[in-house]
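Trainee: Hi! Could you walk me through this one?
Mentor: Gladly, let's open it up.

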Amino acid sequence: MIPDIGRIGWTVVFAVLIVFTIPWFLWGDGQVVYGLPVWLWWHIGWMVVVSLVFRAFANRAWGIGIEEGA
């Protein structure tokens, strides 16, 4: 069972990931790096970060709020 601080921590982590899903600060930026727009590089990097965070979540805290008695 994961302590309440762990639940809060994972909630904050996922909230931050959701906030940065759309790069609002890159709207209107037409800069190109290595043949792709910067906003597309942002999404590539974001997908890598999200997959690593989800892997950590699945290994450490899977079942928060579901498997209380396990």
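Trainee: Where in the protein chain is confidence lowest, and where is it highest?
Mentor: Confidence in the protein chain is lowest in helix H1 (residues 4-19), with a mean of 91, and highest in helix H2 (residues 38-60), at 94. The score is pLDDT, the predictor's confidence in each residue, from 0 to 100. This is a predicted model, where local features need pLDDT of at least 70 and side-chain atom pairs count only at pLDDT 80 or more, while totals for chains, interfaces and linings use all residues. Residues are numbered from 1 along each chain as its sequence is written, and side-chain values use heavy atoms, with hydrogens and water left out.

Trainee: And what does the protein chain average for pLDDT?
Mentor: The average is 87, and 89% of the residues score at least 70.

Trainee: How many helices and strands does the protein chain have?
Mentor: There are 2 helices and 2 strands, and from the N terminus on they run α-β-β-α. Helices (H or I, at least four residues) and strands (E, at least two) are DSSP runs, numbered from the N terminus.

Trainee: What span should H2 have, and what are its ends doing?
Mentor: H2 has 23 residues, so at 1.5 Å a residue it should span 33 Å, and its end C-alpha atoms are 33 Å apart, which agrees. The expected span is 1.5 Å times one less than the number of residues.

Trainee: Which residues of H2 are buried?
Mentor: Val38, Val53 and Phe57. Buried means under 20% relative accessible area, exposed over 50%, and partly exposed in between (1.4 Å probe, protein chains only). The buried residues of H2 pack against H1, S1 and strand S2 (36-37).

Trainee: What does Val53 touch?
Mentor: Leaving out residues up to four places away in sequence, Val53 touches Trp10, Val13, Phe14 and Leu17. Contact here means heavy atoms within 4.5 Å.

Trainee: Which residues make up the largest nonpolar core?
Mentor: That core has 5 residues: Trp10, Leu17, Val53, Phe57 and Ala61. H1 and H2 are the elements that give two or more residues to this core. A nonpolar core is a set of buried Ala, Val, Leu, Ile, Met, Phe, Trp, Tyr and Cys residues joined through side-chain atoms within 4.5 Å.

Trainee: Switching topic: how many aromatic pairs are there in the whole structure?
Mentor: A search finds 9. Rings of Phe, Tyr and Trp (its six-membered ring) pair if their centres lie within 6.5 Å; planes under 30 degrees apart count as stacked, over 60 as edge-to-face and the rest as tilted.

Trainee: Why do Phe25 and Trp42 count as edge-to-face?
Mentor: Their ring centres are 5.0 Å apart and their planes are at 85 degrees, so the pair is edge-to-face. The pair links distant parts of the chain, 17 residues apart: Phe25 sits in the loop between H1 and strand S1 (32-33), and Trp42 in helix H2. Trp42 is partly exposed, with a relative accessible area of 26%.

Trainee: What about Phe54 and Trp62?
Mentor: Phe54 and Trp62 are an edge-to-face pair, 5.8 Å centre to centre with 90 degrees between the planes. Phe54 is partly exposed at 42% relative accessible area, while Trp62 counts as exposed at 53%. Ring pairs link Trp10, Phe14, Phe54, Phe57 and Trp62 into a cluster.

Trainee: Last one: where is Tyr34, and is Tyr34 buried or exposed?
Mentor: Tyr34 lies in the loop between S1 and S2 and is exposed, with a relative accessible area of 78%. Its phi is near 50 degrees, a positive value in a residue other than glycine.
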